[in-house]
There are 2 protein chains.
Amino acid sequence: VNDIWIAGVGMTRFGRRDESLPDLIAEAGLAALADAGIERPDALVVAAMNPEEFTGAGNYASLINTHLGLSDVPALRVETATSSGVAAVYAAFTAVAAGIHRSVLVVGGEKMGHLPTPRVSEIIGRSVDPHERTYGTTMPALAGLITRAAMHSRGLTLKEMSQVAVKNHANAMRNPLAHFRELVTLETVMESRLVADPLRLFHCCPISDGAAALVLTSEPSAVRIAGIGQGMDTMAVRYRSDLTSFRATQMAAHVAYAMAGFGPERVEVAEIHDAFSPFEIISLEDTGLLPVGKAGRATLDGETALDGRLPVNPSGGLKARGHPLAATGISQIVELCWQLRGMAEGRQVAARVALAQSIGGLATNNWVTLLEARP
Amino acid sequence: VNDIWIAGVGMTRFGRRDESLPDLIAEAGLAALADAGIERPDALVVAAMNPEEFTGAGNYASLINTHLGLSDVPALRVETATSSGVAAVYAAFTAVAAGIHRSVLVVGGEKMGHLPTPRVSEIIGRSVDPHERTYGTTMPALAGLITRAAMHSRGLTLKEMSQVAVKNHANAMRNPLAHFRELVTLETVMESRLVADPLRLFHCCPISDGAAALVLTSEPSAVRIAGIGQGMDTMAVRYRSDLTSFRATQMAAHVAYAMAGFGPERVEVAEIHDAFSPFEIISLEDTGLLPVGKAGRATLDGETALDGRLPVNPSGGLKARGHPLAATGISQIVELCWQLRGMAEGRQVAARVALAQSIGGLATNNWVTLLEARP
């Protein structure tokens, strides 16, 4: 596979937004094109998890290409639940790697904040195994189950996972595009209301609107995709041999490291899918960034803080930057590009190699992407 | 781009089906794997236009890979409205062409027949421009508008477009997997009830359930994808400079012929997207298979019949084989593979080069695929 480069990035402010989803996606997409210095890409890949039910509109690849003023540019939509953004990056990556296109604009976004929360939960809940849903299971309920199992079997503590939220809120204070820009304390997190035992409100990401975009090119630029890997697990959580680590992340990391030709030891900054705070700890171990059983302690010790040995979620993560589903995987890569290009003003870390990890559904369709700054 | 081969194909019977969508997709997918002699493909691409609203389940790439017993095989979902099946073939094509995978299973299907027709129309209607929908516009209403314009400006006649339906029903009589297996007469078509003036019931494809699948490989097999092209047009019909031919088809055909290195003169059999019968006539001209203004007459003269110079829709087309949305584009290629491999018992034509044309939305996201039998 030839080198594929990220020539430009863009994203909107995440949070509660009044603009339409096409307007949000256009804001991010046009910013990425401008950043890349490209007016007309060869193709467009659109990520949206469920625009039909969230917004009432379908045929989204065509809708977005018309809305961007690129109505003659080939456009596809790609979906893998909450990791759809990275799946779209991958589809673009293969088209450039095959030599079919020289530049592809990837855009992703979601708009949900205008709907009542129970309706949003119902729509997101379609990502859970249909049989398990007949028992009333929801995404937070399954996350609670996994967290309780991790506390029992691998000694994860409430304090460790609460510190993830405290750290990510502190980082988001420095990110003008983040959904939440306020510090929280360990006490606030640990005493917030129960959502799905043992998960409390501040262990869970918010419902956010927003969009993110990037441009992939075969022409060299500032940041290279060194590796991209996808991993899968059974839709049904009850069929898994291990509840407290995600096979889908391990497999994705293995594929990404193999493509890159290097391992976790070279990674200096990471964006991790903390839809639920304990998932950051589990994922740091599944990606090999921290040894098994050590990520909780490392979090408490500040190793993953902005000034730590391995800054994790400098953007604020899903918890505090926000989680507009299909925008999220792209926004992680946008943040890491800004970090590698020295453009993350107020939260800049020193790094030449970065890792993004994205979770689709309840860890059924996960991705790991490795980025490297041009020497 | 290296040669990409179709190593195996499969499809279910189309029509009203009691099985679940995952069961239908598994039937087609496992048949394609068996036909290819492959147990475990390197990856899976799933096409479904709107399984969330049609069936209540999402995260469909993961759902299908688990249901196929391939829960560790990387899987994506691709969507471009009613042409989603070919978009999925294209995503698989780029991954094999890039050398990332050696074999990819592509499956597509839809299940709608269990829902009330007005609900199906509402869901399909999300593919129409949101502003035009505020005027109560539906897919058949816009098709009627285009047909009326074609009758006025290019002399398309009611008899010509009715003959398309008569021919495709006759072909489907010979296809055991077709939705409708009954002959219709010109009188039946022309006197059927009005749907959207001038379109009558027998000018419109039915609501069908079903699934289709194929396996792409880098290893040579019986049929090669000689070219694949995508074309786009504005979501809003009101912005188009020409109502009565589809820029999206013309662009797709241009790209596919350029990749193949040959033109329409080599095509000996075609599957065309006749969701509305006049679209077969328009599309035969947009693909260059027949000269502009001649396809209607050629249809009346039997040139596109099973025993004609250029057999079109030997399967029965969308009109009579049926149109389970995301299955359709794949099923066209399945039929053409059977034709090129000499396996279309009862409806076999003599051909070494074949063309499939698929329409997404109201011709916003179209595809042309060229197939060639191995010499």
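**Entry: α1 and α3 in chain B**

I looked up which residues join these helices, and found B:L21, B:P22, B:D23, B:I25 and B:A26 in α1(B) meeting B:Y60, B:L63, B:I64 and B:H67 in α3(B). Contact here means heavy atoms within 4.5 Å. I sorted these residues by class and got seven nonpolar, one polar and one charged. My classes take Ala, Val, Leu, Ile, Met, Phe, Trp, Tyr, Cys and Pro as nonpolar, Asp, Glu, Lys and Arg as charged, and the others, Gly among them, as polar.

Helix α1 covers residues 21-36 of chain B and helix α3 covers residues 60-67, and their axes come within 10 Å and cross at roughly 60 degrees. That angle makes α1(B) oblique to α3(B). For the record, angles under 35 degrees count as roughly parallel, over 145 as roughly antiparallel, 65 to 115 as roughly perpendicular and the rest as oblique. Axes are lines fitted to C-alpha atoms, for helices over the stretch in contact, with angles from 0 to 180 degrees between N-to-C directions. I noted the crossing of α1(B) and α3(B) as right-handed. The near helix is turned from the far one by less than a right angle, clockwise for right-handed and anticlockwise for left-handed. Helices (H or I, at least four residues) and strands (E, at least two) are DSSP runs, numbered from the N terminus.

**Entry: ground rules**

I am working with a predicted model, where local features need pLDDT of at least 70, side-chain atom pairs count only at pLDDT 80 or more, and totals for chains, interfaces and linings use all residues. Residues are numbered from 1 along each chain as its sequence is written, chains are lettered from A and ligands numbered from 1 in the order in which they are written, and side-chain values use heavy atoms, with hydrogens and water left out.

**Entry: α7 and α11 in chain B**

Next I checked α7(B) against helix α11 (residues 277-286) of chain B, whose axes come within 10 Å and cross at roughly 60 degrees. This makes α7(B) oblique to α11(B). The crossing of α7(B) past α11(B) is left-handed. On the α7(B) side I listed B:A143, B:I146, B:T147 and B:R154, which meet B:P278, B:F279, B:I281, B:I282 and B:E285 in α11(B). By class, this contact has six nonpolar, one polar and two charged residues.

**Entry: pockets**

I then asked which residues lie nearest the centre of the largest pocket. They are A:P140, A:C204, A:C205, A:P206 and A:I207, out of 33 lining residues. In chain A, α5 (117-125) and α7 (139-154) are the elements that give two or more residues to this lining, and α5(A) has the largest share with five. The lining has 20 nonpolar, 10 polar and three charged residues. The space in this pocket is about 840 Å³.

The second largest pocket has about 720 Å³. Its lining has 30 residues, with B:P140, B:C204, B:C205, B:P206 and B:I207 closest to the centre. Here α5(B) gives the most, four residues.

On a 1 Å grid over the protein atoms alone, a pocket is an open set of points with protein on both sides within 12 Å along at least five of seven lines, a cavity is a set where a 1.4 Å probe fits but cannot get out, and lining residues have an atom within 4 Å of a point. Grid points are joined across faces, edges and corners, and a volume is the space filled by probe spheres set on the points.

**Entry: cavities**

My search of the whole structure gave four cavities of 30 Å³ or more. Of its 13 lining residues, A:A43, A:V45, A:L76, A:A95 and B:Y90 lie nearest the centre. The lining divides into 10 nonpolar, three polar and no charged residues.

Most residues other than glycine have a negative phi, and most peptide bonds are trans. I found a cis peptide bond from A:D197 to A:P198, with omega near 10 degrees, and another cis bond from B:D197 to B:P198, with omega near 5 degrees. A:P198 sits in the loop between β5 (194-196) and β6 (199-200) of chain A. I also noted A:A81, whose phi is positive, near 60 degrees; A:A81 is in the loop between β3 and α4 of chain A.
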